[in-house]
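Here's a protein model to look around in. Let's take the whole chain to begin with, then zoom in on a single residue.

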Amino acid sequence: MKRSRINAIMAEAAEMIRAHGFVLPPFANWSPEEFQARKEAAAHVIDARCGWDITDYGAGRYDEMGLFLFTLRNGRLDDLKRGTGMCYAEKLLISKQDQLSPMHTHVLKAEDIINRGGATLVVELYGSDDAGAFAEDRGGRVWCDGIARDFAPGEKLQLAPGESVTLMPGDWHAFWGEGGDVLIGEVSTVNDDETDNIFREPIGRFSEIEEDEAPVHLLVSDYARWLS
């Protein structure tokens, strides 16, 4: 993706987030230079990979297959392994109209996917086989706003603003906005985007960046290069 496109997506996303009454944390507004100057104080933000995250999954078709994310807070895998401490994470996402977040599952992460506002959020669901792999012929069970719901393979949940679904490891899912753009909340166990996203198709989680202009804000995928 071109850096100029990423900068434009950030500005558009920030406007949508404000329009729905959410305010991003102060570090969201830091320039790359300010992040560099404050990297010692911001060590947890950096190590936990909180911040801006924009991906086209390496396919180069962001409007058709892509996702905007901002990780607000993220715990520690060591705490999760011990079963005590900061075992949670929270994100804001934006799924644009008909913009696919492709079929995937997680090994560790359980998550609530919440329609925070906008249009309808469609979540397509499949179950796993006995080895945890995608199973085209298996359904499963999720919780919609705390109410158990069995799903058939390929079933498409339609979540209106305020509605949510709880997904467990092994619940294969894809999602997109229907009828417009959707602001999504994600509340989950500790998030590890480096190793815990298992895609049905062989695609990448992060995008290669073409530096056609300077970044307005750093992406989480920029931290290793800019802040090391």
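What follows is a short tour, from the overall fold down to one side chain.

A quick note on the ground rules: this is a predicted model, where local features need pLDDT of at least 70 and side-chain atom pairs count only at pLDDT 80 or more, while totals for chains, interfaces and linings use all residues. Residues are numbered from 1 along each chain as its sequence is written, and side-chain values use heavy atoms, with hydrogens and water left out.

The chain is built from five helices and twelve strands (DSSP runs, H or I of at least four residues for helices and E of at least two for strands, numbered from the N terminus). Its radius of gyration, taken over C-alpha atoms, is 17 Å, close to the 17 Å that the globule rule gives for 228 residues, so the chain is as compact as a globular protein of that length. That rule is 2.2 Å times the number of residues to the power 0.38. Along the principal axes, the C-alpha trace spans about 50 × 45 × 35 Å.

How much of the chain is buried? Of the 228 residues, 51% count as buried, meaning under 20% relative accessible area with a 1.4 Å probe, protein chains only.

Now zoom in on F175, which sits in strand β11 (residues 172-189). F175 has 4% relative accessibility, so it counts as buried. Beyond its neighbours within four places in sequence, F175 is in contact with residues including L67, L93, S95, H104 and I184 (contact means heavy atoms within 4.5 Å). S95 lies 80 residues from F175 in sequence, yet their C-alpha atoms are 8.0 Å apart in space.

Notes
Buried < 20%, exposed > 50% of the residue type's maximum accessible area, 1.4 Å probe, protein only.
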